[in-house]
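Reader: I would like to learn how to read local features in a model. Please take me through some cases.

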Amino acid sequence: MKILFIISNLANGGAERVISTLCDEFNKMGDTCEILYFEQNSGYYEYKATLTHLPLYEKYEKRGILNKLSKFWHKLSKFWRINKAIKKSNSNAVISMLDQTNINVLISTFFTPKSVIISEHTDERELKSRFWRAMRRLLYPRAKALVVLNESEKNYYNFSKNAKVIYNPLNADFLSLKAPVNKENIVLCVGRLESVKNYEFYLKSLALLQPNLRKNWRFIIAGDGSQKERLLALNNELKIGAEFIGHAKNTKELYAKASILALPSKSECFGNVLAECISFYCARISTPTAGASELITHAKDGIIASELEFAKALEQLMSDESLRASLAKNALRRLADFEPAKIAFKYKELILS
């Protein structure tokens with residue numbers, strides 16, 4: 001069987017990591033994969049697949065009185081070009097990733113009998129445009145199936161037929177149990193320095209911690225983004241001393257040292273870090289996002305705290321080593337949920353259904 005994945009950009013995001021892992025698993029099953037992408041390949045992940053670049057968004061010259069017509073044709077022709085690329089792939093199944101790409105693929109296959117599985121990896125509220133939201137509601141019911149990451153998203157997409165919750169898979173590096181040794185007093189955050197990750201709130205929460213407790217801990221933030229300068233200024237203003245280390249290629253080393261993994265996001269559809277850190281015995285604390293509710297059972301294998309309660313809950317976690325150990329140990333039971341072979345099998349079931 002040949003499976004075609006379609007995504008706009010091969011960067012370092014969660015959807016790209018999922019495709020990389022699934023291609024590896026499908027390859028083990030004897031299937032072949034092709035990835036059709038529209039923008040650029042950062043080379044961050046390895047793919048056991050044929051990579052096909054379809055440059056839909058390349059710059060073009062706008063000339064004379066035909067400027068508007070040229071621009072219109074450039075936008076309209078992308079559907080024909082996507083359709084042509086799908087036909088050329090001669091695939092048995094098409095899996096599209098992320099909202100606007102899903103919509104473009106569903107339009108492109110409107111008059112062709114090709115079953116398309118679409119997959120969502122962001123909170124539905126992240127799509128702000130009224131036009132794109134309307135198109136999503138109109139076109140998603142045409143998909144053979146919709147893959148979402150939590151029950152809350154599944155309930156939202158009740159207008160789409162055959163919505164299934166399938167978690168993101170973890171690769172072997174995050175599934176092998178690591179002995180909980182050499183843990184340091186580190187509270188770790190991993191994620192883009194963007195508004196949705198809520199780091200401004202996080203730094204203000206750290207400022208509320210007892211000074212004597214705070215001085216014995218390191219607060220490491222791994223990630224980069226548009227809010228970097230603003231957050232660095234706030235960090236200095238509040239005299240927090242948080243360490244901004246930029247994008248980390250090897251997060252495993254950070255998980256291995258950290259005692260606590262904090263995720264202060266405004267919204268998370270899944271929150272890969274909440275799964276990745278489990279085998280490294282990190283105690284998890286998160287704001288109440290849909291992803292956290294899916295991956296954490298409050299006070300049993302992690303802490304879910306509202307913004308009003310976050311600083312107090314973090315302070316309690318930092319002060320109580322036995323609590324951290326208990327939460328980390330209980331979370332190990334969730335690892336089996338993220339096994340790549342199990343996740344690939346669920347996708348295969350959708351393809352064959």
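Reader: Where does Ala 299 lie?

Author: Ala 299 lies in the loop between α11 (290-295) and β13 (303-304). Helices (H or I, at least four residues) and strands (E, at least two) are DSSP runs, numbered from the N terminus. Phi of Ala 299 is near 70°, positive although the residue is not glycine. This is a predicted model: local features need pLDDT of at least 70, side-chain atom pairs count only at pLDDT 80 or more, and totals for chains, interfaces and linings use all residues. Residues are numbered from 1 along each chain as its sequence is written, and side-chain values use heavy atoms, with hydrogens and water left out.

Reader: Is Ala 299 buried or exposed?

Author: Buried means under 20% relative accessible area, exposed over 50%, partly exposed in between (1.4 Å probe, protein chains only). Ala 299 has 52% relative accessibility, so it counts as exposed.

Reader: How many aromatic pairs does the structure hold?

Author: Rings of Phe, Tyr and Trp (its six-membered ring) pair if their centres lie within 6.5 Å; planes under 30 degrees apart count as stacked, over 60 as edge-to-face and the rest as tilted. The structure holds 17 such pairs. One of them joins Tyr 44 and Tyr 45 edge-to-face, at 4.9 Å centre to centre and 80° between the planes. Tyr 44 is partly exposed at 32%, while Tyr 45 is buried at 18%. Ring pairs also link Tyr 140, Tyr 156, Tyr 157 and Phe 159 into a cluster.

Reader: What does Ser 20 touch?

Author: Contact means heavy atoms within 4.5 Å. Not counting residues up to four places away in sequence, Ser 20 touches Tyr 45, Glu 46 and Tyr 47. Ser 20 sits in helix α1 (residues 14-28) and is buried, at 14%.

Reader: How do α6 and α8 run relative to each other?

Author: Two packed helices are described by the angle between their axes and the distance between the axes. Axes are lines fitted to C-alpha atoms, for helices over the stretch in contact, and angles run from 0 to 180 degrees between N-to-C directions. The axes of α6 (residues 199-206) and α8 (residues 228-238) come within 10 Å and cross at roughly 10°. Angles under 35 degrees count as roughly parallel, over 145 as roughly antiparallel, 65 to 115 as roughly perpendicular and the rest as oblique. So α6 and α8 are roughly parallel.
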